Amino acid sequence: MCSAHAGIPIRPVSAVSIWCRAGAWFAALFISAMTTSSALPARRAVVLDIDGIIGPAIAGYIVRELKAARPEDTGLVVLRMNTPGGLDTSMREIVSAILASPVPVATYVAPSGARAASAGAYIAYASAIAAMASGTNIGAATPIRLGGSSFFPNGKPEQPSGQKDGQGQTGEAGDAETRKLVNDAVAYIRGLADLNGRNADWAADAVRTAASIPASEALALHVADVVADDIPDLLRKVDGRTVLVAGRHERLATSALSVVAVAPDWRTELLAVIANPNIAFILMLVGIYGLIFEFLSPGAVAPGLVGAISLLVALYALNLLPINLAGAGLVLLGIGLMVAEAHIGALGVIGVGGIVAFIIGAIMMFPSGVPGFGLSPVILTVMAVVTASLLLLVLALLLRSRRLPVTTGEQELIGAEGEALSWQDDKGRIRIRGEIWAARAARPPRPGTRVKVVARDGLVLIVEPN
């Protein structure tokens, strides 16, 4: 029984009531904490670098990092770009990853002097924010086709037939394949422009006439959203903008984000090395020559092992690269002809044909009009000289071997000298090179005298006194 105080009765509190009140208090505290946590802004801006040719290695790196980004801890992904162009397939992989990313993506063409040419322009148009540093340029987005692959070179193309440039003028005639490729690229970049509210007409000009503009003009034409000095300046200038992210509108809160740069990992670096056309070409030749040497000298092991590994790595790299199959076939034919020359010995005729096929095939194998995907003239010259030198060395050894006396077979004993052991009439026995042979002579020699082999009749040597 509780007593009253100041005229107010005090009722006893049960244990159940205490637990209920405590549970309600903890639930309110948890909900408040969750609400506060969800309201906190993301803590970082992730910076990814696209520096150089856009190929499989760069595409894998960007796609992987975009998939790893989470809205809970990443407020913005910045693609810091300086590229002359690249592969259509790699560009589309990056664009698809940008459009599907739950984190807003900004493409920042930097530093000063950088460019977002060709494939880079498509990536900029696909991003929620397109930013540029002063002294940069964007455009030249015309694709070309070679060997079944599309490229985005940095140069002015021919105007497809029936198409009009930005001033409404009909360009030069082009084939149906070119028109299809350009029209597809125009529709693609227009779709990206409409998605993010950018200048679609200029984007079409960038594809059809390879138009390219500096940062200040890009800002005025609404190609770029902002011109920023550096990434912190970019974060301040885009803070508060509303952008489209994975199909929904989102307001950016970027002014307080910390900048975190994520460099490519070792796999990306390794893939970038082996996917270099020059490295892939060298690995292919090392692989082929290693296997040829192993077949000609069975049991050497090392050449075959090195050759097999090099050839497999080269085939993996060539699978990623745009190559002309006719050129690759000519390279293999040239090597085959040079190997045949080494075996047949056709006085260099087949070998010269092999060298010519090798050089023409190497030139055709990789596209020369696409930056970063052509074979270096220095590498081509060195490998052609090395290949020709190996052929000349084999031919020289072959000719030298023909001048040497016979050391094996039936003719090996002709001209050799020995000693007569016994003789009767025109037949006798002689010792030659530590062996006893039956012999015959027109003029019988005396035992103990020197004789010379002039012919051979089966197992009987024809001799004459020396």
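**Exercise 1.** In which sense, left-handed or right-handed, does H3 pass H5 in their crossing? Describe also how the two helices pack.

*Solution.* The model is a predicted one. H3 passes H5 in a left-handed crossing.

Step 1. Helix H3 spans residues 88-100, and its axis lies 13 Å from that of H5, with a packing angle of about 20 degrees. H3 is therefore roughly parallel to H5, since angles under 35 degrees count as roughly parallel.

Step 2. On the H3 side, the residues that meet H5 are Met91, Arg92, Val95 and Leu99; their counterparts in H5 are Asp184, Tyr188, Leu192 and Leu195.

**Exercise 2.** Determine how H5 and H6 are oriented to each other, and list the residues of their contact.

*Solution.* Step 1. The axes of helix H5 (residues 176-196) and helix H6 (residues 200-208) cross at roughly 155 degrees and come within 9 Å. H5 and H6 are therefore roughly antiparallel to each other, because angles over 145 degrees are classed in that way.

Step 1. The crossing in which H5 passes H6 is right-handed.

Step 2. H5 contributes Val182, Asn183, Ala185, Val186, Ile189, Arg190, Ala193 and Asp194 to the contact, while H6 contributes Ala200, Asp201, Ala203, Ala204, Val207 and Arg208. Nine of the residues in the contact are nonpolar, one is polar and four are charged.

**Exercise 3.** Describe the hairpin formed by E11 and E12.

*Solution.* Step 1. Strand E11 (residues 242-245) and strand E12 (residues 248-251) pair over four bridges in the antiparallel sense. Val243 stands opposite Glu250 in E12.

Step 1. Two residues separate the strands of the hairpin, and Ala246 in the turn has a positive phi of about 50 degrees.

**Exercise 4.** Which residue forms a salt bridge with Asp265?

*Solution.* Step 1. Side chains of opposite charge can pair when their charged atoms come close. Twelve salt bridges are found in the whole structure.

Step 1. Asp265 forms a salt bridge with Arg64, and their closest N and O atoms are 3.4 Å apart. The pair links distant parts of the chain, 201 residues apart: Asp265 is in the loop between strand E13 (258-261) and helix H9 (266-274), and Arg64 is in helix H2 (residues 56-68).

**Exercise 5.** Locate Leu283 and identify its contacts beyond four places away in sequence.

*Solution.* Step 1. Leu283 belongs to helix H10 (residues 277-296).

Step 1. The C-alpha atoms of Leu283 and Ser310 are separated by 5.2 Å, although the two residues are 27 residues apart along the chain.

Step 2. Leaving aside residues up to four places away in sequence, Leu283 touches Ser310, Leu311, Val313 and Ala314.

Technical notes
Residues are numbered from 1 along each chain as its sequence is written. This is a predicted model: local features need pLDDT of at least 70, side-chain atom pairs count only at pLDDT 80 or more; totals for chains, interfaces and linings use all residues. Side-chain values use heavy atoms; hydrogens and water are left out. Axes are lines fitted to C-alpha atoms, for helices over the stretch in contact, and angles run from 0 to 180 degrees between N-to-C directions. Angles under 35 degrees count as roughly parallel, over 145 as roughly antiparallel, 65 to 115 as roughly perpendicular and the rest as oblique. A crossing is left-handed if the near helix is turned anticlockwise from the far one by less than a right angle, and right-handed if clockwise. Contact means heavy atoms within 4.5 Å. Ala, Val, Leu, Ile, Met, Phe, Trp, Tyr, Cys and Pro count as nonpolar, Asp, Glu, Lys and Arg as charged, and the others, Gly among them, as polar. Two strands pair if DSSP finds at least two bridges between them. A salt bridge is a side-chain nitrogen of Lys or Arg within 4 Å of a carboxyl oxygen of Asp or Glu.
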